[in-house]
Amino acid sequence: MSHLAYAAAAEFDRRLGDPRDNGRLFSHARSLALDEREEFPLEICRELDLLGLPAHYVPVAHGGALRSFGDTLQIVRTIARRDLTVAIAHGKTFLGAASVWVGGDPRQARELGAEVARGTAVSWGLTEREHGSDLLAGDVSAERTAGGYRVSGEKWLINNATRGDLVCVLARTAPEGGSRGFSVLLIDKRRLDPTSFRTLPAARLHGIRGADISGVAFSDAAVDHSALIGAEGDGLEIVLKSLQLTRTLCAGLSLGAADQALDMATAYALARHNHGKPLIELPQSRRLLARSYADLLTAEALTLFASRALHALPGELSITSAVTKYLVPTLVDQALARLSRLVGTRSLLRGDTFEHGRFQKVLRDHRIVGIFDGSSVINLNSLINQFPLITRAHRRGPADEAGLRTASTFTEALPDLDPAALELLPRRSSGLLHAVPAAARELRSLAEAGAVPHSLAAHAAEFAEVLEEVIERIGRHKPTPVAAPAHAFKLAEDYARCFAAAAALQLWLRNRSAVDAEATHGLWESGLWLECCLVTLVGRLRPVRTEHLVAEGGRDPEEAVDRLVEPLVAQHTSGQLPSLLPYSRLGTPA
């Protein structure tokens, strides 16, 4: 089975051509040269415009090509696999436009859709120099006038604040502020009096050096009333719902970074010799590759579920997006750190000595993904704030079982994307977590029938136990009116890992018969990738138990993870990317 989202991304990749060809506009060599000069990738972004990428940021209902969110996410992953700077610089338009998809009226959405499809850049003015991510402390004001609003104040560290023609601004419309004191305005800088605003110098960055991360300062800028998105006072709600979309899309950036690094590290381990043996044959090198691959597959499984859940379970996205935005960049950061140990000093080299310096660039560039659109701390705090709802909903029992089946099954048709169906907080329990005991029983039956190893069924049964422990601990958590205690963040991390493990269980069970085992080089056969995901996730949840098992002379659970090296090498040598599903490597025909 070829996943349609992957097929769309592969076609886009093919049209861009082989990035290893230095004569191509969007080549690795050009990306590294632009990075060295800290230069914005203007020509590459124009090529992406010509290839129709902006239309994939616009829902079909508003005149664009975004029918499946997974298509857009995987295309963003394709761009990030070549260069994270380009993916972030170009993809910012979706972030800027998301508030209109969520809160705009049909006319506003249609008009913005036409602008975006033409390649108009849109930025998102949320953060401020003195307040960072504390949106309720924002000082940018929009004072009501006879014809609209007069906007004053400064937004800073905004992606494409200088280059963007349109900027979606969260502004204080009530002097006292508060949850109903902010509104969203879509400001067209081309229509402003040039003396009423100025752009701020771009910040010099450690990673994504060529991106336009700058700011914009307004001084009594006159904005027409038609710029208001939604109703006055709806700004915070619109932004929080929009973040559910953008945080999910950010997973594509992380996956693209991991694709790059694992592909380079695998090639290095196959070619490099130490003491007369290829690195790929040395136990420590194999373990580093295998664990990194396991983290990528876990992140990919969670992302696949989240991108489909956006269509099938939109009311649960406040949890799903927070888990995804926290865990996927975290897993990829772990993988990149391990792979840099494998590659050694070459992971730090610039220039043409090793892969045009791509490895050190992806290490630098990816660090920002876990920060923007809500840092890891913010997303964990979001989960903590939802603990009471999570506990009450879990006690009430399962909710949308049909939505869970659709979100988990690749062959199920997705309903249309409906941003209006997003909720600030989940009203029902997560069917995903409720389905874990049944999934564990299903795996036990498969093990008894000889279809999967008993070790997989045992790991699933252990996970079901761990999940109940985590839910019980969440139920004992006492909400605090001020900053959450440190142990609450650890509990949120555990919940996120449980969520990812539950997503992996459902994806394997619902798609195992449809996936071509030969084309995926045995990843799906006997539940290999699922077992590796459970081992790594549950090992984090119960590390003491695992260490005790090894100390007592028992079998190391991570031996299952070591078996991933064979499919990883098979995918690499056959021209595929490291992935759960068949996907041709950079520049090769799909």
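User: Why is leucine 424 called what it is, in terms of its relative accessible area?

Analyst: Leucine 424 has a relative accessible area of 36%. Buried would need under 20% and exposed over 50%, so leucine 424 is partly exposed.

User: How do you know whether the radius of gyration of the chain agrees with a compact globule?

Analyst: For 590 residues, the globule rule gives a value near 25 Å, and the chain has 24 Å, so the two agree. Along its principal axes, the C-alpha trace spans about 75 × 60 × 40 Å. Buried residues account for 60% of the 590. Among contacts with a separation of 6 or more, 78% join residues 24 or more positions apart.

User: What makes arginine 81 and aspartate 259 a salt bridge?

Analyst: Their closest N and O atoms are 3.0 Å apart; the cut-off is 4 Å, so the pair qualifies. Arginine 81 belongs to helix H4 (residues 69-82) and aspartate 259 to helix H7 (residues 235-271), so this bridge ties together parts 178 residues apart in sequence. Both arginine 81 and aspartate 259 are buried. The whole structure holds 38 salt bridges.

User: How far apart are the closest N and O atoms of arginine 542 and glutamate 469?

Analyst: They are 2.4 Å apart, and the salt bridge needs them within 4 Å. Arginine 542 and glutamate 469 form a salt bridge that links distant parts of the chain: arginine 542 is in the loop between helix H18 (528-541) and helix H19 (543-551), while glutamate 469 is in helix H16 (residues 454-476), 73 residues away.

User: Is arginine 542 buried or exposed, and how do you know?

Analyst: Its relative accessibility is 13%. Since buried means under 20%, arginine 542 counts as buried. Glutamate 469, at 36%, is partly exposed.

User: What makes arginine 563 and glutamate 531 a salt bridge?

Analyst: Their closest N and O atoms are 3.7 Å apart, and that is within the 4 Å cut-off. Arginine 563 lies in the loop between helix H20 (559-562) and helix H21 (565-573), and glutamate 531 lies in helix H18, so the bridge ties together parts 32 residues apart in sequence. Arginine 563 has 36% relative accessibility and counts as partly exposed. Glutamate 531, at 0%, counts as buried. Elsewhere, salt bridges with shared partners join Glu115, Arg118, Asp188, Arg190 and Arg191 into one network.

User: Where does pLDDT stay under 50?

Analyst: That happens over residues 548-554, where the model has 5 contacts beyond four places in sequence. Low pLDDT means the predicted coordinates should not be read in detail. For the chain, the mean pLDDT is 92, and 96% of residues reach 70 or more.

Conventions:
Residues numbered from 1 in each chain as written. Predicted model: local features only at pLDDT ≥ 70, side-chain atom pairs only at ≥ 80, totals over all residues. Heavy atoms only, no water. Buried < 20%, exposed > 50% of the residue type's maximum accessible area, 1.4 Å probe, protein only. pLDDT = per-residue confidence, 0-100. Contact = heavy atoms within 4.5 Å. Rg over C-alpha atoms; globule rule 2.2 N^0.38 Å. Salt bridge = Lys/Arg side-chain N within 4 Å of Asp/Glu carboxyl O. Helix = DSSP H or I, 4+ residues; strand = E, 2+ residues; numbered from the N terminus.
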